[in-house]
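Have a look at the chain below before reading on.

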Amino acid sequence: MLRAIAEYSKNDRAEFIRTVQETQAAQQTADISQKRKRLAAAQKRAGELERLICKIYEDNALGKLPDARYEALDAQYAKEQDALNAEIEELEKAVTGYEQSRKSAEKFIALIDKYENFDTLTNTMLNEFVEKILVHERACKGSQDPTQEVEIYFNFVGRYIPSALQPLPLTPEEQEELRKKEARKDRLHQNYLRRKANGKQKEWEERYNAKRKAKMEAEKAAIRAEDMKKRHFYYRHPVFKAEAAQNCL
């Protein structure tokens, strides 16, 4: 994915920036629209509270509002005002971050330019490029050929897929082949569910795990025997140490 993005960004930077911005807009438009509406409402209410606080202070000073009532209203308005101010601050950060996202493509390109190639991916590169990776459940458990979605979110650009890796439209023949494949997967999945319900699946898994464990133990024994034959002894485990000592005698 990173190699495809790097190649795309270097071959046509203007087009890359445009597609990144379009992707970001599509992902954020609905959410940021709601935030902007809420921000306007919160700011309007904050202004109303400020006027109300001034009014009750004036009414109290002129003797129109008893002290007890003034103190109760003042505390109520102050509490609401504090909550609104905190919400407004968060909303303003979100809106500002969205408006500044138009420059994030350039930041991502600068990060790509930092590396000559992407043949080897290091932990440092991963931390610099990748924000998060979401691995979804398999679409069909029990299938020998399941599909499983993996979402990669990059720093600065979010979930971006370059055009070279975008899925191509399927031909009628490919659609029919996909339909048959999905139908077969569904039949296998239904068989899996029936085996799981009647306990046959658990029995098969236990037999399979037992065979696998026995095979691994046999391979370990063969390696130990070969080491003993070549007099390569390891003393990391008491059992191996005792075996080695006995062979030396």
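What follows is a short tour, from the whole chain down to single residues.

## Ground rules

This is a predicted model, in which local features need pLDDT of at least 70 and side-chain atom pairs count only at pLDDT 80 or more, while totals for chains, interfaces and linings use all residues. Residues are numbered from 1 along each chain as its sequence is written, and side-chain values use heavy atoms, with hydrogens and water left out.

## The whole chain

The chain has eight helices and two strands, where helices (H or I, at least four residues) and strands (E, at least two) are DSSP runs numbered from the N terminus. Starting at the N terminus, the order reads α-α-α-α-α-β-β-α-α-α.

Of the 249 residues, 23% are buried; buried means under 20% relative accessible area, exposed means over 50%, and partly exposed is in between (1.4 Å probe, protein chains only). The chain exposes about 18600 Å², with carbon and sulfur atoms supplying 52% of that; the areas come from the Shrake-Rupley method with a 1.4 Å probe, and for residues only the protein chains shown count as cover. Among contacts (heavy atoms within 4.5 Å) with a separation of 6 or more, 59% are between residues 24 or more positions apart.

## Where α1 meets α4

Helix α1 (residues 2-11) and helix α4 (residues 104-113) have axes that come within 10 Å and cross at roughly 110°. That makes α1 roughly perpendicular to α4, a label for angles of 65 to 115 degrees; under 35 counts as roughly parallel, over 145 as roughly antiparallel and the rest as oblique. On the α1 side the contact is made by Leu 2, Ile 5, Ala 6, Ser 9 and Lys 10, and on the α4 side by Phe 108, Ile 109, Ile 112 and Asp 113.

The axes here are lines fitted to C-alpha atoms, for helices over the stretch in contact, and angles run from 0 to 180 degrees between N-to-C directions.

Gln 43 sits in helix α2 (residues 13-61) and is partly exposed at 39% relative accessible area. Asn 85 is 42 residues away from Gln 43 in sequence, yet their C-alpha atoms are 8.5 Å apart. Leave aside neighbours within four places in sequence, and Gln 43 is in contact with Ile 88 and Glu 92.

Also in α2, Arg 45 and Glu 48 are three residues apart, about one turn of the helix. They form a salt bridge with closest N and O atoms 3.3 Å apart, and Arg 45, Glu 48 and Glu 80 are linked in a network of such bridges. A salt bridge is a side-chain nitrogen of Lys or Arg within 4 Å of a carboxyl oxygen of Asp or Glu.

## Other salt bridges

The structure holds 11 salt bridges. One of them joins Glu 128 and Lys 114 at 2.6 Å, N to O. This pair links distant parts of the chain, with Glu 128 in helix α5 (residues 123-129) and Lys 114 in the loop between α4 and α5, 14 residues apart. Glu 128 is partly exposed at 23%, whereas Lys 114 is exposed at 53%.

In helix α6 (residues 172-198), Arg 179 and Glu 176 lie three residues apart, about one turn. Their side chains meet in a salt bridge at 2.7 Å, N to O.

## A nonpolar patch

Ile 133, Val 135 and Val 150 make a nonpolar surface patch of about 270 Å². Patches are made of residues with over 30% relative accessible area and no salt bridge, joining like charges within 9 Å and nonpolar side chains (Val, Leu, Ile, Met, Phe, Trp, Tyr) within 5 Å. Ile 133 belongs to strand β1 (residues 130-135) and counts as partly exposed, at 47% relative accessibility.
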